[in-house]
Amino acid sequence: MAADKQDHLSPTRTSGLTNGGEEPALHRPIGLLAELTHRCPLGCPYCSNPLALDPRERELDSPTWTRVFGEAAALGVLQVHLSGGEPGARRDLVEITAAAHSSGLYTNLITSAVGITANTVEKLVDAGLDHVQISIQDSDAASADHIANYPSAFARKRALADRVVALKIPLTVNCVVHRANIDRIRAMVELAVSIGASRVEIAHVQYYGWALRNRASLMPTADQVPRAVKAVEELRKRYHGKIVIDAVLPDYYARFPKPCVGGWGRRSLNVTPAGKVLPCHAAEVIPNLEFWHVQDHSLADIWANSPAFKAFRGTAWMKEPCRSCERREIDYGGCRCQAFMLTGDAAAADPVCHLSPHHPNVVALAARQYDEPYSYRLNPRKADSDALVG
């Protein structure tokens with residue numbers, strides 16, 4: 001669809017960088033995270049949604065999402081991830097999915113599976129849905145329901161996963177891993193295999209939003225992490241050719257940071273339920289960034305000219321040790337949000353990097369593990385989460 005398009009764009013407007021450098025190369029984005037709502041029936045303590053959630057009355061309507069999808073496709077985006085919250089809370093989810101499909105985008109539904117019935121998923125497939133990702137909290141039903149703070153969540157996830165596979169739609173099982181379930185990675189992968197998933201993601205908790213609030217209750221121990229790495233290596237060998245297993249080290253135990261979202265403002269963008277466009281889902285934690293909205297600007301204008309996207313695009317903004325590091329074009333200094341939350345400076349090296357002067361603080365935080373009750377994720381309005389797609 002966009003294979004023959006040039007990889008770079010020319011900004012429609014330029015502005016001088018604060019460090020006096022040249023404008024960095026402007027790549028075409030390939031992925032759009034469409035957060036359709038912040039409403040969700042689950043209360044996962046590691047939810048990546050912000051603590052300040054957008055209420056239902058501020059959510060973009062389906063005609064606006066239709067325009068956004070068209071602008072995204074024109075910009076070069078190839079795939080859209082329909083997410084939330086729980087996208088099943090939107091009564092117009094089928095219409096939104098059809099609009100994304102009509103724009104030529106590969107559509108991936110990211111769902112808790114609670115609020116999406118078998119009838120609804122069939123309508124979504126008819127509307128052009130290409131792929132489904134279902135999260136599971138554990139291989140043990142009681143533990144999974146406790147983590148999700150929702151009785152019978154595990155059973156409903158299994159039921160929807162079975163229906164998705166029966167419809168021959170590719171399924172990814174997303175296993176969010178932390179101290180309470182990391183020792184059951186084998187069982188979670190075996191569950192994904194038994195369901196018939198084509199891919200399983202071992203997604204260690206990233207400590208933003210609600211997860212940051214629950215960090216000490218979620219952080220795996222130093223003994224658990226190498227056991228988990230060994231388990232994944234063995235599982236990849238055992239199920240090679242049968243299921244794809246994606247996994248990365250948890251940030252606080254890594255030697256180098258991950259290239260967050262493939263580089264700030266480089267490959268992806270995120271539209272919030274209320275229409276704010278972010279370089280990554282956690283970007284709002286950084287103060288003084290100016291975010292533009294789809295109600296006021298086209299997606300192309302936002303991508304090229306939004307101050308928030310330009311703030312950390314490229315490498316000219318970097319400080320030492322990143323500025324002279326041979327990995328600066330590999331990991332782009334790591335996560336800007338994590339750098340700010342752990343150092344107070346969004347332009348600092350991601351302190352999970354062993355070269356950061358703040359790395360000892362990360363080591364100390366990883367060692368803080370308390371068995372405290374979870375602070376469960378809340379809803380913008382509790383009543384709104386009951387209005388799920390039937």
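## Exercises on a predicted model

The buried residues of helix H4 (residues 141-148) are Ser 143, Ala 144, Asp 145, Ile 147 and Ala 148. The model is a predicted one.

**Exercise 1. Describe the surroundings of helix H4.**

*Solution.* 
- Step 1: packing. The buried residues of H4 pack against helix H5 (153-166).
- Step 2: the N-terminal end. Asp 140 caps H4 there, with a side-chain oxygen 3.3 Å from the backbone nitrogen of Ala 142.

**Exercise 2. Find the parts of the chain that the salt bridge between Arg 184 and Asp 138 ties together.**

*Solution.* 
- Step 1: distance. The closest N and O atoms of Arg 184 and Asp 138 are 2.5 Å apart. A salt bridge needs a side-chain nitrogen of Lys or Arg within 4 Å of a carboxyl oxygen of Asp or Glu. Arg 184 and Asp 138 form one.
- Step 2: location. Arg 184 sits in the loop between strand E7 (171-177) and H6, and Asp 138 in the loop between strand E6 (131-136) and H4, so the pair joins parts that are 46 residues apart in sequence.
- Step 3: Arg 184 is partly exposed at 31% relative accessibility. Asp 138 is buried, at 0%.

**Exercise 3. Treat the salt bridge between Arg 227 and Asp 183 likewise.**

*Solution.* 
- Step 1: distance. The closest N and O atoms are 3.2 Å apart.
- Step 2: location. Arg 227 belongs to helix H9 (residues 224-238) and Asp 183 to the loop between E7 and H6, so this pair ties together parts 44 residues apart in sequence.
- Step 3: Arg 227 is partly exposed, at 44% relative accessibility. Asp 183 is partly exposed too, at 48%.
- Step 4: the wider count. The structure holds 16 salt bridges. Arg 39, Glu 59, Arg 90 and Asp 92 are linked in a network of them.

**Exercise 4. Is Asn 270 buried or exposed, and which residues does it contact?**

*Solution.* 
- Step 1: location. Asn 270 lies in strand E10 (residues 268-271).
- Step 2: accessibility. Buried means under 20% relative accessible area. Asn 270 has 2%, so it counts as buried.
- Step 3: contacts. Leaving aside neighbours within four places in sequence, Asn 270 touches Leu 33, Glu 35, Lys 276, Val 277, Leu 278, Cys 280 and His 281.
- Step 4: follow one partner. Lys 276 is in a salt bridge with Glu 284 (2.9 Å, N to O). Lys 276 is partly exposed at 22%, and Glu 284 at 34%.

**Exercise 5. Which residues touch the most other members of the largest nonpolar core?**

*Solution.* 
- Step 1: the core. It has 65 residues, and Phe 69 and Ile 185 touch the most other members.
- Step 2: the main contributor. Helix H6 (residues 185-195) gives the most to this core, with seven residues.
- Step 3: contacts of Ile 185. Not counting residues up to four places away in sequence, they are Val 177, Ile 202, Ala 228, Val 232 and Leu 235.
- Step 4: a second core. This separate set of 22 residues includes Tyr 46, Ala 153, Val 176 and Val 352.

**Exercise 6. How does the radius of gyration of the protein compare with the globule rule?**

*Solution.* 
- Step 1: elements. The protein has 13 helices and 11 strands.
- Step 2: comparison. The radius of gyration is 20 Å, close to the 21 Å from the globule rule for 390 residues, so the protein is as compact as a globular protein of that length.
- Step 3: burial. Of the 390 residues, 54% count as buried.

Conventions
Residues are numbered from 1 along each chain as its sequence is written. This is a predicted model: local features need pLDDT of at least 70, side-chain atom pairs count only at pLDDT 80 or more; totals for chains, interfaces and linings use all residues. Side-chain values use heavy atoms; hydrogens and water are left out. Buried means under 20% relative accessible area, exposed over 50%, partly exposed in between (1.4 Å probe, protein chains only). Helices (H or I, at least four residues) and strands (E, at least two) are DSSP runs, numbered from the N terminus. Contact means heavy atoms within 4.5 Å. A polar contact is a pair of N or O atoms within 3.5 Å; within protein, one must be able to donate a hydrogen and the other to accept it, and residues adjacent in sequence count only if both atoms are side-chain atoms. A nonpolar core is a set of buried Ala, Val, Leu, Ile, Met, Phe, Trp, Tyr and Cys residues joined through side-chain atoms within 4.5 Å. The radius of gyration is taken over C-alpha atoms; the globule rule is 2.2 Å times the number of residues to the power 0.38.
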